[in-house]
Amino acid sequence: MNYYIIIPAHNEEKFIALTLESLANQTILPGKAVVVNDNSTDGTEAIVLAFAEKYPWVSLVNKTSEAVHLPGSKVIQAFHKGLETLDNHYDIIVKADADLIFPENYFETIIGHFENDPETGMAGGFAYIEKNGDWILENLTDKDHIRGAFKAYRKACFEQIGGLKPAMGWDTVDELLCKFYHWKVLTDQTLKVKHLKPTGANYNKASRYKQGEAFYTLGYGFFITAVASLKLAMRKGKPLLFIDYIKGFWKAKSEKKPLLVTGQQAEFIRKYRWKKMKEKLMG
């Protein structure tokens, strides 16, 4: 199966070479890897161009956007810019961050998962961060969720869910829509991806309400939002974030923000979330 990778990048001169090197070392190389250089003011562009000279499957696209780093929308707008430059001759499309080191067998293993089960719509490994010289699991999500840093989609699934939404919550709504359309989401604990920069390191103060807004736009409703907010705040070790998330939810509700999903999909998502909560309580 042929896979294409799109890597949005903003001021990633510290890490982008390590990411591209790990792709060049894959046991099965990508058909194409597009780095979308989004307003970088450092050496990102020069590093990517040097790789593009060496590897014909690497290419660079320059994009200018606002300098403010808001989670979700900016990165997916850059992803779309990269997608526009690609042909349709792929079986798997991958969105990856520019601060990762993939193990050498990563994409060979991912391809194997897609080939072994035609119902698998998305697949991914797990993110590990360095702490005191050890690489430990970056434990921000449930084990059945694929991190937004590296998402691989079967083409048919990617098209059916309508691609990626340029909003915070894009990397949750994609999986929920996968399930809505009866695709499987597969995580492989043997695939350990080194995440060189902790999640959310660049987010500004304005973005803290965005998580609550994201829960609203996913159609969660208040109670599910409250549970999800508490869980995430505790996982991040910052319990007070719970208040910001709830404020963000009510702000989005009062402004009647458009949902990322249809009414029917929102109903499915709420039922699915309730089911998962009950399973955890019973288990």
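Visitor: Helices (H or I, at least four residues) and strands (E, at least two) are DSSP runs, numbered from the N terminus. What kind of model is this?

Guide: This is a predicted model, where local features need pLDDT of at least 70, side-chain atom pairs count only at pLDDT 80 or more, and totals for chains, interfaces and linings use all residues. Residues are numbered from 1 along each chain as its sequence is written, and side-chain values use heavy atoms, without hydrogens or water.

Visitor: Okay, salt bridges. How many are there in the whole structure?

Guide: A search of the whole structure gives 16 salt bridges. Each is a side-chain nitrogen of Lys or Arg within 4 Å of a carboxyl oxygen of Asp or Glu.

Visitor: Show me one. What does Lys197 pair with?

Guide: Lys197 pairs with Glu12, at 2.8 Å from N to O.

Visitor: Are Lys197 and Glu12 buried or exposed?

Guide: Both Lys197 and Glu12 are buried. Buried is under 20% relative accessible area, exposed is over 50%, and partly exposed is in between (1.4 Å probe, protein chains only).

Visitor: And Glu138, which residue is its partner?

Guide: Arg147 is the partner of Glu138. Their closest N and O atoms are 3.2 Å apart. Glu138 and Arg147 are both buried as well.

Visitor: Let's move to helix 10. Which residues does helix 10 cover?

Guide: Helix 10 runs over residues 263-282, and Trp274 is found there. Trp274 counts as partly exposed because its relative accessibility is 36%.

Visitor: What salt bridge does Glu279 make?

Guide: The side chain of Glu279 meets that of Lys275, at 3.9 Å from N to O. Both residues lie in helix 10, four residues apart, about one turn of the helix.

Visitor: Why is Glu279 called partly exposed?

Guide: Because its relative accessibility is 42%. Lys275 is partly exposed too, at 46%.

Visitor: New topic: Ser229. Where is Ser229?

Guide: Ser229 lies in helix 8, residues 222-235. Ser229 is buried because its relative accessible area is 0%.

Visitor: What is Ser229 in contact with?

Guide: Leaving aside neighbours within four places in sequence, Ser229 is in contact (heavy atoms within 4.5 Å) with Phe215, Phe242, Tyr245 and Ile246.
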